[in-house]
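Hi,

Here is the structure I promised to pass on.

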Amino acid sequence: MTTQASAPPSTKSQALRSYDVADFPALTGLEEDWRFTPLKRLRGLTGGAQAATGTVRHEYADLPEGVTVERIAKDDPRVGSVLTPVDRISALGYGGAAEALLVRVAREAVVAEPVTLRVVGEGTDGVAFGHTFVEVERFAEATLVLEHVGSATLADNVEVTVADGAKLTLVTVADWADDAVQAQHLKVKLGRDARVVHVQVSLGGDLVRQYTSVEYTDRGGEAELYGLYFADSGQHLEHRQLVDHTVPDCRSYVGYRGALQGESARTVWVGDVLIRAEATGTDTYEINRNLLLTEGARADSVPNLEIETGEIAGAGHASATGRFDDEQLFYLMTRGIPEAEARRLVVRGFFAELLNKIPVEELRERLGAAIEARLAKAGA
Amino acid sequence: MSTLEIRDLQVSVKLPDGELKPILTGVDLTVRSGETHAIMGPNGSGKSTLAYAVAGHPKYEITGGSVTLDGEDVLELSVDERARAGLFLAMQYPVEVPGVSVANFLRTAKTAIDGAAPKLRTWGGELRGAMERLHMDPAFAQRNVNEGFSGGEKKRHEIVQLELLKPKIAILDETDSGLDVDALRVVSEGVNRVRDTGDTGLLLITHYTRILRYIKPDFVHVFVGGRIVEEGGPELADKLEDEGYERYAAGAGSARA
């Protein structure tokens, strides 16, 4: 386990941006952004420009009023308007996706019922690309779940715009089969007084790497980014965020928690928050906590906070990685609770606060059960 | 009718460097249900070590002697098995368990101790009643275990558990420390209710005689240098109140610093 607050994030804002994979040099693994990622396990995603040889399918049930889902062409002006790839694999996915899936929440529509979109991988034989555009119009409110299941080798980009006064709760779930590989770039652009709550849940997959970035365009924007991950033996789960405060009076909170169990379980969290000189009145906090359940697991945790103005409401970061608290275990056991059950209670408690951010009861319960099943599997 | 028998118990604490440091140098003590024993002694005499060693804390290693509950070898049991066998430890510093609600914790513990889930129909009332008797707002049931509780609230929560779990033998480790007079009275009333059932043997570990004005012990044991150096009835507590522990200090064995 390592915890460091180093890495000069100033370079993040000036990073190379391009829609063309050829503009990015081939990855060597020495790059700051890729030094934790096992490139070999990315299979075809480290290659150059290519057509998709694999597919993912989208499934969704009847949509509530105010929400539409349609396929749009890549030359639709919306595509690429929020997100410009900042790394080679994101650019590869951008170029490789043949079309984009548009999820639209109509202006002023307040949609109580959550919308669930399942992204189903159909095998790891080929390389698949995806592009999703989520458009939440002015004063609309919605909850969208993007759930990833099945097997795939996938590079995908997700663009999200939350217009003035709109609110989006976006839950992205990586519950892939054991052999799946995914590198996702998710970018959120917030309008004036717009609010996004993003919850990433990473459970399944051989390698899942998600890069989430937030851009503010006007005052009053709020972003809450939560993450919950549980790495088993052999899994690599990596989460990076870049919250770029470029306008005054916006707020961000980043809270990620992970549990690791088993030989070579590996997680990476890198949280970058930039407060530009013009972003006065910013209020931000980021925290990552990791719970090492067994020997042999490794969690890297790197908070980076760069502040270019002193006129802010608040800014802070924290990171803690530790083993199971023996005193908690002892206390529960002195009340007759067997060790395995005591561990379950503590891990469940560790994740409870984050799970409760998901406003979809069925999903919350399913994820809670999946976490318990993992603990049981390890005989914890 | 239950009996906890501690015979010639010798215990060392495991130091971070792996070395063992002897703390208890041969403790003999018998506690039967319905009896109330007080163990009194100066700081560092090993009183708490006795409590934690009997409960099975992994920091301590038993280097000699025996502990049995109704003839069963307690030292062979895991921590949770000891609790299910009927032992209870009220801690001096109850542990915070974030994310686990008091209600969930107590129901899980009750289920484990009884071997069956408590009846839904009666459990809610039983829990509420136990909390109210200890002057705990029932809203605490929805809070995380001990998280953000004041010192007094933590101690009252321990006694709520004592009343709900109905152990055969309960060890109360400095339950009185850090309590103001009102809280001490509430906690003592709870302990006395358990005592009055006659089903539980109580072992009160305390530094002060103050709590013994509220809970009258049947037996008082003076603990110095990792062992019992004098035993008697409640009158011994009065003597300690007047004379302190100084007269035992001379000739006492090595005690924890």
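**Where the two chains meet**

20 residues of chain B are in contact with 21 residues of chain A, contact being C-beta atoms, placed from the backbone, within 7 Å. On the chain B side, two or more residues each come from helix H2 (79–85), strand S7 (97–101), helix H3 (102–114) and helix H5 (151–165). Helices (H or I, at least four residues) and strands (E, at least two) are DSSP runs, numbered from the N terminus. That side of chain B has 14 nonpolar, 4 polar and 2 charged residues. Here Ala, Val, Leu, Ile, Met, Phe, Trp, Tyr, Cys and Pro count as nonpolar, Asp, Glu, Lys and Arg as charged, and the others, Gly among them, as polar.

Before you read on: this is a predicted model, where local features need pLDDT of at least 70 and side-chain atom pairs pLDDT 80 or more, while totals for chains, interfaces and linings use all residues. Residues are numbered from 1 along each chain as its sequence is written, and chains are lettered from A and ligands numbered from 1 in the order in which they are written.

**Chain A**

Chain A has 5 helices and 19 strands. Its C-alpha atoms fill a box of roughly 60 × 50 × 45 Å along the principal axes. Of the contacts in chain A between residues at least 6 apart in sequence, 86% join residues at least 24 apart.

Buried residues make up 50% of the 380 in chain A (buried means 20 or more other C-beta atoms within 10 Å of the residue's own, again placed from the backbone).

Now for the open sheet of 9 strands in chain A: the order is S2-S5-S7-S9-S11-S13-S15-S17-S19, with mixed pairing. Strands pair if DSSP finds at least two bridges between them. At the edges, pairing on one side only, are S2 (56–60) and S19 (314–323) of chain A.

**Chain B**

There's an open antiparallel sheet here too, with 4 strands in the order S2-S1-S4-S5 (chain B). Its edge strands are S2 (20–32) and S5 (72–73) of chain B. S4 (60–69) and S5 of chain B are joined by 2 bridges, and B:Leu69 has B:Glu72 as its bridge partner.

Also have a look at S6 (87–90) of chain B, which is covered on both faces: B:Leu87 and B:Leu89 are buried on one side, B:Phe88 and B:Ala90 on the other. This strand runs parallel to S9 (169–173) of chain B, with 4 bridges between them, and B:Leu89 stands opposite B:Ile171.

**The core**

Which residues touch the most other members of the largest nonpolar core? Of its 180 residues, they are A:Val136, A:Leu144, A:Val162, A:Leu168, B:Val54, B:Leu172 and B:Leu204. A nonpolar core is a set of buried Ala, Val, Leu, Ile, Met, Phe, Trp, Tyr and Cys residues joined through C-beta atoms within 7 Å. Helix H4 (339–355) of chain A gives the largest share, 8 residues. Leaving out residues up to four places away in sequence, B:Val54 touches B:Val67, B:Val74, B:Leu87 and B:Ile171.

Cheers

Notes. Contact = placed C-beta atoms within 7 Å. Buried ≥ 20, exposed ≤ 12 C-beta atoms within 10 Å, placed from the backbone.
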